[in-house]
Amino acid sequence: MATGLPLLGVTLPQFSERPGPAVEACLDARGLGFGGVFVFDHLWPLGQPSRPALEGWTLLAALAAEVGRRPEGSGEPRRGAPVDRGGSGGFRVGTLVTRAGLRAPAMVARMAATVGQVAGAGAIVGVGRGDLANRAENLAYGLPFGDAAERSRVLEATVAALRGPLAGMPPPEVWVGGTGPGALALSGRLADAWNGWARTPEELAAGLAAVRAEAERAGRDPATVAATWGGQVLVAPDRREAADRLARWVADRPPAEAARVVAGDPATVLARLRALGDAGATWCVLAPVGGPGAEARALLAAAAGLPGRDRNG
């Protein structure tokens, strides 16, 4: 893999009534050589309460079961071999992000422990406090939605629980998502990494510097706190097709969202991912948009030279 390219993960198709496509995408990503797959924690697509969405942690447990029973790099079930409990190695499953406040902090820690044991490697738990766009989801399901200060308090309690004994062994890797000063400070004090959703390389580098300064103030080794990136990615076989797909995709999207998508042919997209790696990202988690997810995964895996299966057969 080229210098500067972080570990690559992908989000899965969750806006569905059927789990099959998400499980298939997980196994495809693993076979292609991606580092992991991630689920989100929306109860419905933002602003679209009539559309279905698979519940994130339930789906994550199903993915962990698939990953834990299959040998690395094979589609065949593991037959009698013990699952490697070594922790950070191998293919990972995780959340980007689970929302603090939907579940009690201690419960999140026990769920993470269970997923890690089933998967055979510690889960990656990206966690955030949510924003006003999530309020209707919470209220529709009878869940509280506090003000910003209360949500921040619950977020910190959830991160603390994930760093404690309830989270089990191997322990989860904890990423705090968010771009405000509170998320950066919490990342530096307690988390393994800060996740900057849709940040530019310059923004990611600046955020990581703030996170590490907070870590040093808290008496931690700043070098032990990482940055990770997540964002929407549109990749097509060539630049013209990418431009055409982007024009169609942005037509009904808010300008702020459209401006943050990483779009282009595989070489263009990989150049941005390498720049994010140079800015400090240890992971880039890609949310494919504007085209088939399977095509995006295959194009990027081939262009990046990921150590996956033979793509000709």
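Leu 8 is buried, with a relative accessible area of 2%; buried means under 20% relative accessible area, exposed over 50%, and partly exposed in between, using a 1.4 Å probe and protein chains only. This residue is found in strand E1, which covers residues 7–11. Helices (H or I, at least four residues) and strands (E, at least two) are DSSP runs, numbered from the N terminus.

What does Leu 8 touch, not counting residues up to four places away in sequence? Its partners are Phe 34, Gly 35, Gly 36, Leu 273, Trp 283, Cys 284 and Leu 306, where contact means heavy atoms within 4.5 Å. By comparison, the C-alpha atoms of Leu 8 and Ser 50 are separated by 32 Å, with the two residues 42 apart along the chain.

## About the model

This is a predicted model, in which local features need pLDDT of at least 70 and side-chain atom pairs count only at pLDDT 80 or more, while totals for chains, interfaces and linings use all residues. Residues are numbered from 1 along each chain as its sequence is written, and side-chain values use heavy atoms, leaving out hydrogens and water.

## Strand E7 and its partners

Now to strand E7, residues 226–235. Ten of the ten residues of E7 are buried, so this strand is largely enclosed by the rest of the structure.

E7 pairs with several strands; two strands pair if DSSP finds at least two bridges between them. Strand E6 (residues 193–197) runs parallel to E7 and is joined to it by five bridges, with Trp 194 opposite Ala 227. Seven bridges link E7 to E9, again parallel, and here Trp 229 stands opposite Cys 284. That Cys 284 is also one of the residues touched by Leu 8. Strand E8 (residues 262–264) is parallel to E7 too, through three bridges, and Val 262 in E8 is the bridge partner of Val 233.

## A closer look at Gln 232

Gln 232 also lies in E7. Is Gln 232 buried or exposed? It is buried, with a relative accessible area of 18%. Its side chain makes a polar contact with the side chain of Glu 257 at 3.0 Å. A polar contact is a pair of N or O atoms within 3.5 Å; within protein, one must be able to donate a hydrogen and the other to accept it, and residues adjacent in sequence count only if both atoms are side-chain atoms. Leaving aside neighbours within four places in sequence, the residues in contact with Gln 232 include Trp 197, Trp 249, Arg 260 and Val 262.

Most residues other than glycine have a negative phi, and most peptide bonds are trans. Two cis peptide bonds can be pointed out here: Leu 96 to Val 97, with omega near -10°, and Met 169 to Pro 170, with omega near -5°. Val 97 belongs to strand E3 (residues 92–99), whereas Pro 170 sits in the loop between helix H5 (148–162) and strand E5 (173–177).

Ala 198 is not a glycine, yet has a positive phi of about 60°. Its place is in the loop between E6 and helix H7 (201–217), and Ala 198 is buried, with a relative accessible area of 10%.
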